[in-house]
Amino acid sequence: MERFVCIHGHFYQPPRENPWLEEVELQDSAYPFHDWNQRVTEECYWPNAASRILGPDKRIIDIINNYAHISFDFGPTLLRWLQRHAGDLYDLILEADKEGQRRFGGHGPAIAQVYNHQIMPLANQLDKRTAVIWGINDFETRFGRSPEGMWLPETAVDTATLEVLAEYGIKFTILSPMQALEVRPLKGGQWTNVEGERIDTTMPYLCRLPSGRSIAIFLYHGPTAQAVASGYMLQNGEMLTNALLAIVDKSGGLAHLATDGETFGHHHRHTDMALAYCLHLIQSRGLARLTVYGQYLEMFPPTWEVRIKENSSWSCAHGIERWRDNCGCAFGKGMAGKQQWRRPLRQAMDGLRDTLAHIFQSDMAQFCPDPWAARDAYIQVVNDRDPKTIQRFLEQQTGRQLDHGQKVQMMKLLDMQRNALLMYASCGWYFDDIGGIEPIQAMHYACRAIQLAAELGHDDLEPGFELVLEQAQSNDPKLGNGRLIYQTLVKPNAADLHRVGAHLAVSSMFDSCPGQLEVYCYNANITNCQRYEAGLQALVTGRATISSQIVLEEQTMDFAVVRFSEHDVIAAVTDPLPDHQFKAMQDGLRAAFQVGNTTEIVRLMNLIFSGGHYSLHHLFKDQQRQILYRMLENTWDEVHTAFSQIYHRNIRIMHMMRGMGIPLSGALAAVAGYVISEELLATILNEPIDLQKLQDLVEEAARLAIQLDQSTLQFEASRRINGLMEQLRSNPDDLDLLARIEVLLKIISRVVTGLNLQTAQNILFELSKGIYQERRQQAASGDTRARQWCQRLARIGQELGVVV
């Protein structure tokens, strides 16, 4: 029998968006990237879209899109983020599916994924259905076709989940061999127990369901998948190829594995190239036939059936206990048996879910006959917040025109349910402590759902939720328990339209009043804005109308913000005053400010804006950081000046010390490293780059043998070189630009390691396959300029490790 190979990558990141802003805020732990989505994208998702195949000299000889040659699923919330923040990559993923369809007999490599990555056996029946319906709808919206297969989060499965998949037309899913209980031929006979990975993984199986429906199941080869996940099998592409071929060496059939897609680049850096070389070897040498599950299922329908282990998964030896109890499964060393917090967190979420479901069903009944069908259809709006889409959805669900207040009420109910689904993402229970970023993110979604319920008149949910959380003890004594974590790390981030207005007010202190603008998922319109300055002090007053793009709520408010000193900023917001009182407020604050009467300013703000006071602490995180940095500019200038003076005053003695073989002392080395790193960074960012100055700085760093700020220099130098190569793509005949890129690469590579030059390599590879061929012919005909062009491009190829 012919040999087939299929590699499946499960690509997923937990939803990290601030539920009140619908955007991922700054995450310091991902530095130098803005957040973990951006970091994993650069380390994994982009490299797999343009993966390098190296020749014997370790230089790039080809670049391929791995996604077009493997089977894969992407989390819907991750694809949404990629569409908004990495559009070119998003397009390459969609194109890979189209290319795969041409390669695999009309079967695309992409399969769907359950929408919110919840552990399906732990979900109630209504949530199971919505998660599958949303996953299918999201897939169809993006890939333009119906999915053949669907990935179950953590491959967690029970019969009820398979019933839902089959009901909605899913043909197959993928499980671990540990999840198979027994098998027998389709034609009948005795069941054979296959526990302990004793199942033949080289063929698909049929799972007959109590409803009379059925679904095909692929059970991947466990040992190979585990060796890949650990990184051992990814030391080079040949190892992976040999391991896969060994599975079907004698009998033929399907050799396949499934693993987290992040294995290929994020968990183990640059291992996307091992995957690419494996695919290259198999295809170029005819060692086997690459396939995807849909194609293989069409060619070789199941001849055996399987019974699954109920409530089992691929990442918990105890079934699905990892997501509801202290089963012993842990992520960190020495943390086994220390997850008593999981059960109360699950109980708190389940109790909240059930209460919210009751509210939703009773309150939505006034708008539509089937509230749960409306929730299932709400994915149309989640994926397209255009006002026309929202209006069409509301009319379809209600069959009538709603006034604005009714629209807001209905949208709040639906988004309350969306957040109630998102709070169940599996990562909330996977790791070792309730104080981790994943459980805290889950509690943020719960907090938003509670807030929406309160705005709808159900304001008694939070005390009971916190009471259950109090039983969830953190492993970190400083964090206490789930209730304290919720109160200190979650609730302070809750936002309403007044807080958005306060954010605008404080921001306007440092920028001009913008008029109309978007603030994350809100529209804002500022009018009657007045600004007065006196040295470091400033006063801004105005009126703002804020509207939510999510729940359609709109509110007008008056604001005032005063800066008493460089760092002391106070803002106040209130419901709109009558016009004469608004004018009196502006006049009174202006008069007090112009005579420097701080006491009167404070008195007026307390009188007019009672209870609605804000400070820099209430700014949303990205703008808060930007403004704080602006406030510190003078301080940083002072630090830089002081360090520069110390450096230049002692440069000769530092040279003398290094000439005698004496290492610089810690303080001197730190000062020199700081000054040269800052000057290198400024030179790299300057336009045009002063290459001679850059060369001098690099030589000085080498002479002093100092440690530079590698992470920042890596990030900015990579971005600059990639940007110059983008310019070259647009203007390939610019010989001077070619020369600058060549010199820059030679200089930078002396002191900055680990540059991410994937974009530059891609562009060079593109040029070498295209215009280079034309220029080489011109050079052979005696064209001196073409010869220079080819020589310079070849030298850049040497620096970038690309064969030209």
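Helices here are DSSP runs of H or I at least four residues long, numbered from the N terminus. With that naming in hand, let's walk through the model, which is a predicted one.

Start with the empty spaces. Rolling a probe the size of a water molecule over the atoms shows where empty space is left. In this structure there are 5 cavities of 30 Å³ or more, and the largest cavity holds about 120 Å³ of space. Two helices, α2 (76-85) and α14 (404-422), each give at least two residues to the lining of the largest cavity. If you want to find that cavity on your screen, pick out its lining residues: Pro15, Glu17, Asn18, Pro19, Glu22, Thr77, Arg80, Tyr115, Val382, Arg418, Leu422 and Tyr445. Sorted by class, this lining comes to 6 nonpolar, 2 polar and 4 charged residues.

Now for the second largest cavity, with a volume of about 60 Å³. It is lined by 14 residues, and those closest to its centre are Phe74, Leu79, Ala112, Gln113 and Phe139. Here β4, α2, β5 and α4 each put at least two residues into the lining, with α4 giving the largest share, 4 residues. The class count for this second lining is 9 nonpolar, 3 polar and 2 charged residues.

Next, two loop residues. Histidine 69 sits in the loop between β3 (60-64) and β4 (71-74). Is histidine 69 buried or exposed? Buried means under 20% relative accessible area, and histidine 69 counts as buried because its value is 9%. Look at what surrounds it: beyond its neighbours within four places in sequence, histidine 69 is in contact with Ile64, Glu99, Arg103, Phe104, Leu279, Gln283 and Leu290. One of these, glutamine 283, also makes a polar contact with histidine 69, side chain to side chain, at 3.3 Å.

The other loop residue is asparagine 124, found between β5 (112-113) and α4 (125-143). Asparagine 124 is partly exposed, with a relative accessible area of 25%. Its side chain reaches the backbone nitrogen of leucine 126 at 3.2 Å. Not counting residues up to four places away in sequence, asparagine 124 touches Arg353 and Asp354. For a sense of scale, go from asparagine 124 to arginine 289: the two are 165 residues apart in sequence, and their C-alpha atoms are 41 Å apart in space.

Just after α30 comes glycine 782, with a positive phi of about 100 degrees.

How values were computed:
Residues numbered from 1 in each chain as written. Predicted model: local features only at pLDDT ≥ 70, side-chain atom pairs only at ≥ 80, totals over all residues. Heavy atoms only, no water. Buried < 20%, exposed > 50% of the residue type's maximum accessible area, 1.4 Å probe, protein only. Polar contact = N/O pair within 3.5 Å; in protein donor to acceptor, adjacent residues only side chain to side chain. Contact = heavy atoms within 4.5 Å. 1 Å grid on protein atoms, 1.4 Å probe; cavity = no way out; pocket = protein on both sides within 12 Å on 5 of 7 lines; lining within 4 Å. Points joined across faces, edges and corners; volume = space filled by probe spheres on them. Nonpolar A, V, L, I, M, F, W, Y, C, P; charged D, E, K, R; others polar.
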